[in-house]
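User: I would like to learn how to read strands and a ligand site in a model like this one. Could you walk me through it?

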Amino acid sequence: MDSETRQLLSIYFIPVMAPGHMIPMIDIARQFARLGAKSTIITTSSNASQFSQTIERDRRNGSQISISLVKFPCREAGLPDGCENLSSTTTLEMSMNFMKAIDLLREPVEKLLHEKGNRPDCIVAGAFFSWANDVALRLNIPRLTFYGTGFFPMCVYRSLRDNKPHEKVGSDFEEFVVPGLPDEVRISRRQIPDQLKDGDNYNNNPMAEFVRKVLESELASYGKIVNSFYEMEPAYAEHYKGLDGGRAWHIGPVSLFNKSDEDKACRGKESSCNEYCSSWLDSKKPNSVLYVCFGSMAFFQTPQLHEIAKGLENSGREFVWAVKENAQLDEEFEARIEGRGLIIRGWAPQVQILDHEAVGGFVTHCGWNSLLEGVAAGVPMITWPLSAEQFFNEKLVAEILKTGIPVGAREWTKRTDEREVIKGESIERAVAQLMGGEEEAERMRIRAREFGDLAKMAVQEGGSSDIDLKSLMEELRMFHR
Ligand code: UDP
């Protein structure tokens, strides 16, 4: 090791192997390296293949960044060979086994961190790696947690967990106020995650024990890196930092660290660089196209896909719709919408699409990354939450930022076959409201644009997120040996 390399702050990133966790963490690792740290990303080879060319490009541009590989314990955890990402699991049992694999990764990761020549000053680990605190403790370095969501949903979650207002209502439909928040946020039991509803009854919900360990380790960690920016949710950033274990740095929106077209197009999947999509959008008028995508994990049954198709077609608007590779759409529908609608099968270059001036609306499942990418692009949204903390996120967009219109999803569920089908008419109505140019829609569009401008300012030099990231790096230098 030359003396220059030895002096750099050396940070090891361990992202949870799921797109919604990996994508922002790669952005963060790259930004640390751009700002002069030495970033090492620990992952498995099939996950690395989604971003290794990007890392190579950064290295050629002078960043000190690399990937260290560990073997994913598929067999040991009861997973089929090659199932190395949460998005490849198809049943609850597989997801549980995936979490087992996450636990089993401790040994190879710890070994790697202790290898001669590796001198980590800090570990930034995804929240699911509840063992990372112990590993950091042994190395006498801090462990930072990357949880992947924002301040508002974290505040809602903490209040529900601590105050249990959902246990005091008479039915699943009855709305109640989430106690102690800066705003009056109302929610019903139908909209909150199972593991919160099931409380301490771990036997009923196998995920609850895993979640408990994750929360414990998150609270005990050195602090949290949050993909958000202060100006979007100032009251919640303050509220959260006042809670027990609330040390946090807001450094986002991290998608904005991707400045070049190549970075934007290849983010998440290097093979997705979609030239056709760009030129298709180039031929459309500003703000005329609706972009529809439900993230990396969600999948819909065919009847729901048909209703979406109906809603989009009847709305008369132009659209880009990202569907899963095997989605069954009506061939006649595809023929009828040719030229007006673009269907992307598989991975869509989301940030590139949202940034295009032709895109004037976003139908989103409210996954935190998607939500923030929509905000950063200054685009108003139609909110369609499904599971995870997405119903909380919908409240932020629709009621606090006031930049979104709910499609009318009412029930949290992971089971796609149990999900209430949202009718084409409801989708058409929401699209007409969002894209129709009425006064309220215009106000929403202006607000969305303002938040987009604030987001861009936050990550610029001297912006709130830039300052927070640099102050975190300064603090970490205290641990540098
Ligand atoms: N994404 C993408 N193309 C797709 C689907 C998803 O680029 O076709 C990206 C999206 O930009 C976001 C991430 O995958 O960064 C999904 O994370 P999110 O938190 O929105 O939802 P999740 O997939 O975790 O449900």
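Predicted model: local features only at pLDDT ≥ 70, side-chain atom pairs only at ≥ 80, totals over all residues.

User: How many bridges join β4 to strand β5, and in which sense do they run, parallel or antiparallel?

Analyst: Strands β4 and β5 (residues 143-146) run parallel and are joined by 4 bridges. To find one of these bridges, look at Ala125, whose partner in β5 is Thr145. Between the two strands the chain passes through helix α8 (residues 132-139), and this β-α-β crossover is right-handed.

User: Which other strand pairs with β4?

Analyst: Strand β1 (residues 10-14) pairs with β4 in the parallel sense, over 4 bridges.

User: Is strand β11 enclosed or open?

Analyst: Strand β11 (residues 318-323) is largely enclosed by the rest of the structure, because 6 of its 6 residues are buried. Glu318, Val320 and Ala322 point one way, while Phe319, Trp321 and Val323 point the other way.

User: Which strands pair with β11?

Analyst: Strand β10 (residues 289-293) runs parallel to β11 and is joined to it by 4 bridges; in that pairing Val292 stands opposite Trp321. Strand β12 (residues 341-345) also pairs with β11 in the parallel sense, over 5 bridges, and Phe319 has Gly341 as its bridge partner there. Another right-handed β-α-β unit is made by β11, helix α16 (residues 331-336) and β12.

User: Turning to the ligand, how many residues surround it, and which are the closest?

Analyst: The ligand is surrounded by 18 residues, the closest being Gly20, Gly295, Ser296, Gly367 and Ser370. Elements giving two or more residues to this shell are α2 (19-34), α17 (350-355) and α18 (368-376). The largest share, 4 residues, comes from α18. Sorted by class, the shell has 9 nonpolar, 8 polar and 1 charged residues.

User: Why does the ligand lie between domain 1 and domain 2?

Analyst: Read the shell by domain: domain 1 (3-152 + 199-256 + 460-479) and domain 2 (268-456) both give residues to it, so the ligand lies between them.

Key:
Residues numbered from 1 in each chain as written. Pairing = 2+ DSSP bridges. Right-handed = clockwise from strand over helix to strand, strands pointing away. Near = placed C-beta within 6 Å. Nonpolar A, V, L, I, M, F, W, Y, C, P; charged D, E, K, R; others polar. Domains from an automatic or database assignment. Buried ≥ 20, exposed ≤ 12 C-beta atoms within 10 Å, placed from the backbone.
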